[in-house]
Amino acid sequence: MKVRHRHTLLLGRSFPGLPRVTSARDIMGLQICKRICPCCPCAPCQESESAARPQGPSSKFYRGHPGHLPPPVPDTGEKGQGAQRKEATGKGTTETRLVWRNHRGTEGHNSAYRGQGKDNAGFDPQDTTNNGIKIEPHIIHVPQNPSPEEPSAQGRVNSSMAAPSLQWSRADKVSIYSYTNSSVGDMKVQRGDHLKVIHTKGDWAFVQRMNERGLTQTGYIPKSFLADTGSLEAEDWYFGCIKKMDAKRYLLQEPNSSGSFLVWNNEDSACYYLSVRVDVTVRHYRISQSKLAFYLVDRAAFQTLRSLVDYYQQQSDGLCTRLDKPCVRLDEPSMPSLSHSTVDKLEISPNSIERIKQLGRGSFGLVWLGKWNGTTKVAVKELQVTAQSLQQSLYGEADTMWKLSHERLLKLYAVCLQTNPVFIVTEYMEKGTLKRYLRAHQQNRDLELQQLMDFSVQICQGMDYMEKNLCVHRDLRTENILLSAMLSCKIGDFGLARFMNSSSIAISADAKIPIKWMAPEVFSEQKYSSKSDVWSFGVLLVEIVTYGKMPFPEKTNEQYVMELMGGGTLQPPRDSPENVSCIMNMCWKRESPLRPSFAQLERLIMELLTFSEDVVE
């Protein structure tokens, strides 16, 4: 009995834009057979298996060592991704790309696709709403226009955006946030406005825009509010280089609901992730990438991330739910300064600040919500006295905050020290202090341990920056941690912070210090170092797990000092998780060199943040 080769079903057929198929070997050259029958035992399939499929880090055909990424795919010098066929036409050069649409093969084929190796092992490709798509390749002719520069970051994966239909230069930008002009020379822009950058001034860009009446407008806006036109950063759903816990925290905020999603870049593993909210949980899907396409499972491959997102917004096709709206961005980037005109000016006129309402009381005075020039929300920290020593302390705080710049540190905008009372102006944090937030949940104790440890990791990130810049905080507690609308932490209140000229610094006699957060060497030697901040961080962990309660309530300040001076040790709270208690004890080593660094603490706490219940790898 003569067996008819399955490839002969394609012989003699013509495909738009491709030569007529005359043999099974031709089919192999087009890689059609491999897509239709991946389990085919024929000789051409077996001979070209390794060449027919990409050997990228996400490919199930990669034969590397377990747990290690393969070497990067060599750059061929071609624009775009994937194998390309160039055809000469009368209208110019075009690029032919094969984009394979999702389809349902036979039952045997479906069983081969399900699971797809180690990546996205829990991904279910079955979807009752999908009636199937034709298996023929979809051929796209893309104009040979270079795409805008992709986001540059360490560990960045290959470019993910298709070339736009227009030719854009690097000066062509789009505003990803709205900006209200706050001073003369600034320009008001709306999110989505197309702008051209004329020149830059530090963290500010002088841009040009053509309005609907054809008139040209120019002015300054923050550079962080701009993205290249057509780039990945210009997408609503792309959140850049963040961590898995950040994606989860963002999606669980109140404005979002089931189906809310975002895409982010994982620098550690050099790949993209799709995070999706379902009720009160968040699922994370690794987006695999080859030379040809992006995919969650390789039967559903897409030429760009935008195409992948568009597809799953139409049907779930195996996702936990169909993608709905992008995650709401409640936080805007910190303003680099109050205005382009105040870049090099630390002191401002007191008349430019309007106090709106009192937010609380700091160590030395009141804290207000204010507005600068009637446009920009700020926090105003003032002193109720004008003693020379306290003014010098405030000068020191302003000088310290002026030198430090990090996403986890509160941004200083200006000072006003020649008035009564003197005050400083910082960025406004909508959720207030971490202590207030924890106490609001103290009665119900309804915060997950992961969220509590998330706060700890963010604090470690800011303190690691300070440690590497030889700056000690000396007042690290939840009262001095501020929260944004999306519960991002920033370290504030640098009243006692100082830069170290040596391994440790001395505490001045008139310094007002928080006793129960102090390390033993502060009392015995009047010396303070970054390791003393680590001790304070251990006490801050006590505040976090007890929802903002006073640490060691059974001890007075005098008893606390006497016990430490007598060689005593601190004990974690009884209801503290065992792993967290272990980290506290590491912070409370009596010999300061034995305490971990903040970078080590961040890694230790990250190990506690497991996402096994909501990760699809």
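The protein chain of this predicted model contains 15 helices and 27 strands. Of its 617 residues, 51% are buried. Among contacts in the chain between residues at least 6 apart in sequence, 61% join residues that are at least 24 apart.

Just after α12, Tyr-547 adopts a positive phi of about 60°.

The packing of two further helices was examined. A pair of packed helices is described by the angle between the axes and by the distance between them. For helix α10 (residues 449-468) and helix α15 (residues 598-608), the axes come within 8 Å and cross at roughly 165°. Because angles over 145 degrees count as roughly antiparallel, α10 and α15 are assigned to that class. The crossing of α10 past α15 is left-handed. On the α10 side, the contact is formed by Met-453, Ser-456, Val-457, Cys-460, Gln-461, Met-463, Asp-464 and Glu-467. Helix α15 contributes Phe-598, Ala-599, Leu-601, Glu-602, Ile-605, Met-606 and Leu-608. Sorted by class, the residues in the contact of α10 with α15 are 10 nonpolar, two polar and three charged.

Conventions
Residues numbered from 1 in each chain as written. Predicted model: local features only at pLDDT ≥ 70, side-chain atom pairs only at ≥ 80, totals over all residues. Heavy atoms only, no water. Helix = DSSP H or I, 4+ residues; strand = E, 2+ residues; numbered from the N terminus. Axes fitted to C-alpha atoms, helices over the stretch in contact; angles between N-to-C directions. Parallel < 35°, antiparallel > 145°, perpendicular 65-115°, else oblique. Left-handed = near helix turned anticlockwise from the far one by under 90°. Contact = heavy atoms within 4.5 Å. Nonpolar A, V, L, I, M, F, W, Y, C, P; charged D, E, K, R; others polar. Buried < 20%, exposed > 50% of the residue type's maximum accessible area, 1.4 Å probe, protein only.
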